[in-house]
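Reader: I'd like a close look at a single helix here, with the cut-offs spelled out as you go. Could you take me around it, side by side, and then tell me what it packs against?

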Amino acid sequence: MAHDLPLVDVKILDFTWVMAGPAATRVLADYGATVVRIESTQRLDTGRTIGPFHDGQPGVEHSGFCQNLNAGKLGLTLDLSQETGREVARDLVRWADVVTESFSPKAMRAWGLDYTALRQVQPDIIMLSTCLMGQSGPLAQFAGFGNLAAAISGFFSLTGWPDRPPAGPFGAYTDYVAPRFTTVAILAALEYRRRTGQGQYIDQSQAESALHFLTPALLDYTVHGRSQERVGNADAHLAPHGVYPAAGQDRWLAIAVCTEAQWQALCEVMQRPDLSHDARFGTRAARLTHRTALDTIVAAWSQEHNAPEAEALLQARGIPASAVHNSQELYGDPQLTHRRHFVQLPDSLHGTTTVEGSRFKLSRTPARIERAGPTLGRDNQYILGTILGYSPERIAALADTGVLQ
Amino acid sequence: MLSPYRVLDLTTERGMFCGQLLGDLGADVITIEPPGGSPARRFGPFYRDVPHPERSLFWWALNRNKRSITLDITSSDGQAILRRLVADAHFLIESDTPGALAAYGLGYDDLAALNPALVYVSITPFGQDGPKAHYADSDLIILAASGPLVLTGDDDRPPVRVSVPQAYLHASAEAAVAALIAHHERQHSGRGQHVDVSAQQAVAQATQSGILATPLHAEEFQRLSGGVRVGELRIRLVWAAQDGYVGILYFFGAAIGPFTRRLMEWIYEEGFCDEVTRDKHWLAYIELLVTGQEPLTEYERLKLVVEAFTKTKTKAELFRAALERGLLIAPVTTIAEVVESPQLAARDYWQRLEHPELGQALRYPGAFAQFSATPITYRRRPPTVGEHNRELYIGELGFTAPQLAALQSKGIV
């Protein structure tokens with residue numbers, strides 16, 4: 001049954017690029033917000049150069065990464081280095097409830113588009129800036145990508161094997177964490193404005209947001225002076241706990257035994273009744289002490305099985321286990337299929353494209369994901385003509401100045 | 001920002017971060033613990049290494065800005081009390097196995113009948129429905145099932161997780177987003193709804209869209225220590241310094257190529273490479289490698305050149321140069337260095353919370369963002385077990401002291 005989407009009344013003017021900002025506004029678009037995304041062909045969104053690409057072929061309109069982060073948004077190409085471009089931006093500020101940007105600090109000020117200036121244009125505007133280290137402090141101008149913010153926030157030193165250099169989490173890790181805080185901040189500020197009529201400025205340091213995912217380790221240091229380091233897949237409380245080889249090339253099985261019952265069940269599944277009363281493994285504490293021996297035993301069993309079958313065997317006995325999925329297996333995963341995690345959208349260049357769906361379900365007002373992210377300048381006419389009400393002559397004149405690029 | 005709203009937090013360790021986030025934004029969050037305290041209080045590390053429910057750093061990390069009451073919701077008296085609380089609540093958050101609360105008459109349908117405006121948030125490993133909805137789980141299992149694990153670690157060893165559990169923080173933060181979207185809608189419709197958060201789907205965000213490689217017919221990313229392998233290309237992000245490691249985004253193209261060119265200029269200045277190496281076509285270098293115009297062996301040589309250089313510098317020297325020269329370098333920072341960071345100090349990030357029961361103030365990571373009109377405040381340290389029983393049961397629900405004592409003796413509170 002058709003319903004009004006929850007955020008149908010929310011208008012976002014979005015200057016963010018690459019991942020952290022766009023991932024945050026994508027969620028708002030899924031639930032009905034009108035998101036106008038400003039891009040420039042003069043200063044191309046780096047996100048357009050990040051894979052995976054359609055058919056593995058790089059190209060500014062081929063990035064599945066960029067499409068995934070921008071589905072459902074409208075796109076306007078605008079050169080902000082020109083005053084006429086900034087005039088258009090200010091008209092969009094008058095239209096918008098929220099302005100988001102993720103440039104390095106000073107960029108918006110240099111264009112006269114900082115919060116102080118935007119307030120003159122629209123007194124109750126909500127503006128959110130998100131960057132690696134925040135708008136102030138000695139590292140404010142440190143620009144870069146989420147992998148560097150992850151390195152400087154401790155995630156790298158905490159990921160990998162104790163006898164090896166840090167492996168680091170995959171990719172631009174803080175770009176996966178920070179967007180949740182961005183979206184929460186925007187929604188909370190909208191709620192406050194609804195009640196009080198007051199807008200505000202939000203300064204988000206992606207590093208400071210992401211540190212909330214390391215709090216136990218940070219407290220361990222502030223309380224005890226202990227600086228935790230990477231420990232592979234060891235767990236302070238659980239054994240066996242790890243990623244074990246499965247049959248085949250680079251095939252793996254994750255197992256995490258959390259209770260005594262699960263340990264006994266694992267002994268049975270492995271057909272090793274001898275282990276269930278082996279004193280080395282009789283209690284959780286004993287298993288933690290003998291975890292290396294235990295890991296060898298579990299690995300000897302796991303490598304004889306293929307990962308999905310072992311997962312099913314273990315889960316049937318209530319033992320936490322999962323095959324370690326790659327993209328191909330994720331695409332075929334019955335659970336993700338059931339949850340409609342993959343959404344096919346019509347795409348003017350590729351016929352269809354696939355993006356991820358909403359990561360949660362609202363029972364009465366589910367997300368609607370119907371339109372691929374904008375190709376460069378796709379919605380210029382709609383945004384200038386319909387949203388801003390510019391005349392065809394004015395739009396043509398703007399195009400002639402080259403500002404719509 | 002959320003001060004008019006009350007949140008009932010019934011979560012296990014899986015979901016506690018969601019309520020804390022809403023509490024940071026001002027909501028009145030009441031964590032409802034089983035008598036004796038939440039099982040999550042059994043997770044370490046512990047204050048001065050003494051395992052005790054009132055000393056869990058893990059629990060403290062997830063429960064500031066909340067009040068605590070104890071209540072046995074498996075008893076019918078406890079369920080009746082919870083229903084009274086629900087009548088005046090705006091949000092309820094839970095993270096039990098799908099159907100577990102419904103078995104106590106506390107499922108979404110049951111409680112929506114009492115309070116149609118309730119936003120009822122469920123955080124589970126795989127979502128409320130589907131073939132894996134009842135799977136046994138843990139942090140590691142979710143990471144395996146959702147994609148980032150296979151991409152993380154050394155290519156000659158098993159995939160590896162972040163040593164501090166992450167999966168349910170992703171899910172719980174996503175749940176706060178979802179709760180506030182449902183809340184926004186409630187302002188128009190007057191109605192709540194059931195919010196169903198899947199940790200698997202939330203964590204899939206950490207594949208950086210790599211999850212889409214198969215449907216897009218693209219090459220899958222492969223794990224590589226301190227980097228990523230795409231096809232034959234071994235992209236490296238972590239480099240040895242004199243006193244540890246640094247992250248360098250040593251890559252090419254229109255956006256990143258100029259940074260790499262500046263790095264190579266510095267390396268040349270210090271005598272670690274020749275002019276030909278310095279002056280490669282960094283903006284188009286990736287195309288040169290992909291088309292074979294530049295052999296991959298030359299790219300491998302370049303990485304050795306960079307490493308020979310970085311090994312002669314300290315992390316601080318490399319980072320200072322990054323700021324001065326505009327390079328994509330960041331130190332691989334230890335937890336100790338994070339806490340001592342001048343940047344975080346300059347922004348007044350760390351927040352002290354007085355723990356009177358310890359006679360000590362502890363330093364917590366501070367506001368996740370700075371709000372100009374409504375700054376985030378840490379109003380309450382994480383509560384002790386049932387610290388607010390009297391306040392809630394007598395002060396708000398109108399029980400008398402003898403009635404509360406009776407509930408306590410029956411083990412309901």
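Author: Helices here are DSSP runs of H or I with at least four residues, strands are E runs of at least two, and both are numbered from the N terminus. This is a predicted model, so local features need pLDDT of at least 70 and side-chain atom pairs count only at pLDDT 80 or more, while totals for chains, interfaces and linings use all residues. Residues are numbered from 1 along each chain as its sequence is written, and chains are lettered from A and ligands numbered from 1 in the order in which they are written.

Helix α15 of chain B covers residues 389-396, and its buried residues are B:N389, B:L392 and B:Y393. Looking down the axis of α15(B), those buried residues sit within an arc of 95°, so they line one face of the helix; the arc is taken from the directions from the helix axis to the C-beta atoms.

As for neighbours, the buried residues of α15(B) pack against β2 (28-33), β3 (66-70) and α16 (401-409), which belong to chain B; contact needs C-beta atoms, placed from the backbone, within 7 Å. Just past the end of α15(B), B:G398 takes a positive phi of about 80°.

How values were computed:
Buried ≥ 20, exposed ≤ 12 C-beta atoms within 10 Å, placed from the backbone. Contact = placed C-beta atoms within 7 Å.
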